[in-house]
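The sequence and the structure are shown first.

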Amino acid sequence: MSDSTASWYTLRWTDDAVMMLDQRQLPEQEIYLALTSVEDIAVAIEDLVVRGAPAIGCAAAMGIARAAVTSDASTVGALLADLDRAKERLAKTRPTAVNLFWALERMAALWTSTAQGGNVEVIRSTLVREAQTIHDDDIEICRGIGRVGLDVVPEGGRILTHCNAGGLATAGYGTALGVVRAAAEAGRNIRVLADETRPYLQGARLTAWELARDKVPVTVITDNMAGHMMATGEVDLVVVGADRIAANGDVANKIGTYGVAVLAHAHNIPFYVAAPVSTLDFQTPTGDGIPIEERSRDEVAILGNRTLVPPGVAVRHPAFDITPARLVSGIITERGLCRAPYETTLSLAAR
Ligand code: MRU
């Protein structure tokens, strides 16, 4: 199941390249790209070859490790200058997913401490090991989220999810879909309703692909069907992922998540967010401070080879929205299930 034993993987370190499943091509084609330079990896993050907050963090860490092994610097000073440049480039790729900055800071802290008394080869090998550790730990963290999430999934539960917070959005197993997988592994007869997730269709293309691959029952609906499904009693709970969670529990996630949360609230359906502790951002007090990425017009205005919007007509494309903490029934982390007041429970989980 999307870990080392699975028939597919999201991204993987090899001696020669970072291998990534090209998510732009799913579900039609499974193509792995071999990325060798920092620039290749930065563009892959920007273009959504790899996406989802934890997977972006892993990709960024591997980008730094590639910078270290490809740098021709022979002095510590020159190597650190190359690493700083790589960090600056990777930090510009996507603004909302805080795991990107978490991973870059973790790598930077390590090269700073290793530089004292170290040599270039020690710094290189330490950064490669750290990137692999961040990746491998992420799978275990997702399994932990899954175990904690079991508490909120009833036998036979019908779970609605938005976007893709699965193995494809992490090093493997997933956050929201980690909860789904854990419930399926525990023998609960669950079913998933996947919002298609306009405009980039992460739900229809990716969530459906990986759940079908793991033989978890999944049905795709268009985003505007969620209210009807809730009103007709076809949803027991909602579980989504997060790109960043502010100190007060406000959640940034894929555009449309806020609407799902409002609908769930109106229908008295529990709305859970599943995320690792590395997605918590205590520097940002509320959701108002979370930067929202604006992506291209074309991702909204063009579908396949069809133009949906008349030329010259304005299009907006905020890629994320903020769900206020008051609409969140609980935040499922690998360290436990946090309930309001989130200021207290999230900081306890992060300790
Ligand atoms: O634009 P994307 O596809 O990177 O957005 C991904 C999401 O919004 C996910 O729900 C989030 O990153 C959580 S992934 C475990």
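The model is predicted: local features require pLDDT of at least 70 and side-chain atom pairs pLDDT 80 or more, while totals for chains, interfaces and linings use all residues. Residues are numbered from 1 along each chain as its sequence is written, and side-chain values use heavy atoms, with hydrogens and water left out.

**Ligand site**

Around the ligand there are 17 residues, of which R51, R94, D243, N253 and K254 come nearest; a residue is counted as near if one of its heavy atoms lies within 4 Å of the molecule.

| Residue, polar side-chain atom | Ligand atom | Distance |
|---|---|---|
| R51 | oxygen | 2.6 Å |
| K254 | oxygen | 2.7 Å |
| R94 | oxygen | 2.8 Å |

Taken alone, the ligand exposes 420 Å², and the protein buries 99% of that area, as computed by the Shrake-Rupley method with a 1.4 Å probe. The ligand takes up the space of the largest cavity; a cavity is a set of points, on a 1 Å grid over the protein atoms alone, where a 1.4 Å probe fits but cannot get out. A molecule sits in a cavity if more than half of its atoms lie within 2 Å of the grid points. Two or more residues of the shell around the ligand come from each of α2 (53–70) and β9. Helices (H or I, at least four residues) and strands (E, at least two) are DSSP runs, numbered from the N terminus.

**Sheet**

Strand β9 also belongs to an open sheet of four strands with mixed pairing, in the order β11-β8-β9-β14. Its edge strands, β11 (280–281) and β14 (320–323), each pair on one side only; pairing requires at least two DSSP bridges between two strands. Strands β8 (residues 244–246) and β9 (residues 251–254) run antiparallel and are joined by two bridges. R244 has A252 in β9 as its bridge partner.

**Helix and loop**

Helix α6 (residues 176–185) is mostly covered, with eight of its 10 residues buried, that is, under 20% relative accessible area, whereas exposed means over 50%. Among the buried residues are L177, V179, V180 and R181. Just after α6, G187 adopts a positive phi of about 85°.

N305 lies in the loop between β12 (302–303) and β13 (306–307). Why is N305 counted as exposed? N305 is so classed because its relative accessibility is 77%. N305 and A59 are 246 residues apart in sequence and 30 Å apart in space, C-alpha to C-alpha.

Note on methods. Buried means under 20% relative accessible area, exposed over 50%, partly exposed in between (1.4 Å probe, protein chains only). A polar contact is a pair of N or O atoms within 3.5 Å; within protein, one must be able to donate a hydrogen and the other to accept it, and residues adjacent in sequence count only if both atoms are side-chain atoms. On a 1 Å grid over the protein atoms alone, a cavity is a set of points where a 1.4 Å probe fits but cannot get out, and a pocket is an open set with protein on both sides within 12 Å along at least five of seven lines; lining residues have an atom within 4 Å of a point.
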